[in-house]
Amino acid sequence: MAITPLKNDRFLRALRREPVDHTPVWLMRQAGRYLPEYRETRKRAGSFLAMAKNPEIACEVTLQPLARFPLDAAILFSDILTIPDAMGLELYFVEGEGPKFRHPVRDAAAIAKLAVPDMETELRYVMDAVRVIRRELDGKVPLIGFSGSPWTLACYMVEGGGSKDYARIKAMAHNDPKALHALLSVNTDAVIAYLSAQRAAGAQALQVFDTWGGVLSPAMYREFSLPYLTRIARELPRGEGSERTPLILFGKGNATHLETLADSGAEGVGVDWLVELGEAARRTGGKVALQGNLDPATLYGSPDAIRTEVRRALDSYRDGNNGSRDGHVFNLGHGMSPDMNPDHVAALVDEVHAYSAR
Ligand code: CP3
């Protein structure tokens, strides 16, 4: 691929904890239903999956929030459930109910049949999307590739969809931990292959979403999520020095484990709003960059209220990081919702840049 130099690299510099002119910002689910242009494209394509499986449309949608807001990174438009779909579980969406699998895996026999999908055939549409987006971005901002965590993918694979109590997978953890470890192990191999392929296709940073790690007790998190996140951080090949592709481990409800995550080998840790950024910075002691952590519901407040909360989060980070704003990537603590107002996002992004200017 012809390499266009990056015009805006403050996101990558912040992940290396290098000085930047202002704190970079991007938002989880920045491309989505809160944007009228997204709803328009979705209507034309027919469905979310039709969009995600068409590299040109995935590219169009990835770029939509960047045309509106001066965001410092783009994130591949796709989903974490592409891996289990390619493993044969068959992903589909029911309007209003979220993602589902036609063939969930509920026992050791079903798990034993799972294999790592081939990245350039079964998941070629994802790699093609990365290639098209990199070309169209033309160095404007870095492109983030992503994957679900082994545990979070396993939640959907065992439950067959979203869940409120995780009863099936927690029952498996207690009654057949060997089977669950086999599932987490094949998922880890698949995640490493998937992120490596996205990097080879052009992704310039990688994020693992451990969205449901926080539903585990600390002891169960240390058995069923953390070791697999650590294996990804240690084994994922990603280059050296300023050429290194940074890896961010995002987790909802991961505050209990910040010290361990800081020692995992990842370059960045994403946190939700249940921990103060200043406390997170003190506890991670400069070993990693931190990403977060505004409560997404802040976007339901007025632009003035949003600006106040942005300043509070920026100052909290600085106070816990020896007076420096370096090493912080601003984000929400989780994804945006369809009923949020795009004008409020504009206020958020503007305040991050204006208030953090150095
Ligand atoms: O951040 C971005 O803009 C990039 C795209 C992205 C999507 N999903 C697009 C999407 C990313 C990074 C994801 C990750 C993802 N998908 C996670 C981890 C992060 C998180 O939000 O916790 C999870 C758990 C999923 C599984 C999933 N896919 C859910 C729960 C849903 C929402 C279902 C619903 O009806 O609300 C999806 C579908 C999905 N993925 C949408 C988008 C924009 C909505 C699709 C639509 O109906 O248009």
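1. Which of the 23 residues around the ligand come nearest? In this predicted model, the nearest are R29, Y38, R42, D79 and H334. As for secondary structure, helix α2 (36-45) and strand β3 (98-101) each supply at least two residues of the shell around the ligand.

2. D79, already listed among the nearest residues, places a polar side-chain atom 2.7 Å from a nitrogen atom of the ligand. The ligand exposes 880 Å² when taken alone, and the protein buries 90% of that.

3. On the pocket: the space that the ligand takes is the largest pocket.

4. Helix α12 (residues 226-235) deserves a separate entry. Its buried residues are L226, Y228, L229, T230, I232 and A233. What do these buried residues pack against? Their partners include the helices α8 (150-159), α10 (177-201), α11 (218-224) and α13 (258-262). The strands β5 (205-210) and β6 (247-251) are also packed against by the buried residues of α12.

5. Most residues other than glycine have a negative phi, and most peptide bonds are trans. The peptide bond from G292 to N293 is cis, with omega near -5°. N293 lies in strand β8, which covers residues 289-294.

6. Y166 is not a glycine, yet its phi is positive, at about 55°. This residue lies in the loop between α8 and α9 (167-175). Is Y166 buried or exposed? Y166 has a relative accessible area of 7% and therefore counts as buried, the cut-off being under 20%.

7. N322 also has a positive phi of about 55° although it is not a glycine. N322 is placed in the loop between α15 (303-320) and β9 (328-332). Its relative accessibility is 78%, so N322 counts as exposed; the cut-off here is over 50%.

How values were computed. Residues are numbered from 1 along each chain as its sequence is written. This is a predicted model: local features need pLDDT of at least 70, side-chain atom pairs count only at pLDDT 80 or more; totals for chains, interfaces and linings use all residues. Side-chain values use heavy atoms; hydrogens and water are left out. Buried means under 20% relative accessible area, exposed over 50%, partly exposed in between (1.4 Å probe, protein chains only). Helices (H or I, at least four residues) and strands (E, at least two) are DSSP runs, numbered from the N terminus. Contact means heavy atoms within 4.5 Å. A residue is near a molecule or strand if one of its heavy atoms lies within 4 Å of it. A polar contact is a pair of N or O atoms within 3.5 Å; within protein, one must be able to donate a hydrogen and the other to accept it, and residues adjacent in sequence count only if both atoms are side-chain atoms. Accessible areas come from the Shrake-Rupley method with a 1.4 Å probe; for residues, only the protein chains shown count as cover. On a 1 Å grid over the protein atoms alone, a cavity is a set of points where a 1.4 Å probe fits but cannot get out, and a pocket is an open set with protein on both sides within 12 Å along at least five of seven lines; lining residues have an atom within 4 Å of a point. A molecule sits in a cavity or pocket if more than half of its atoms lie within 2 Å of its grid points.
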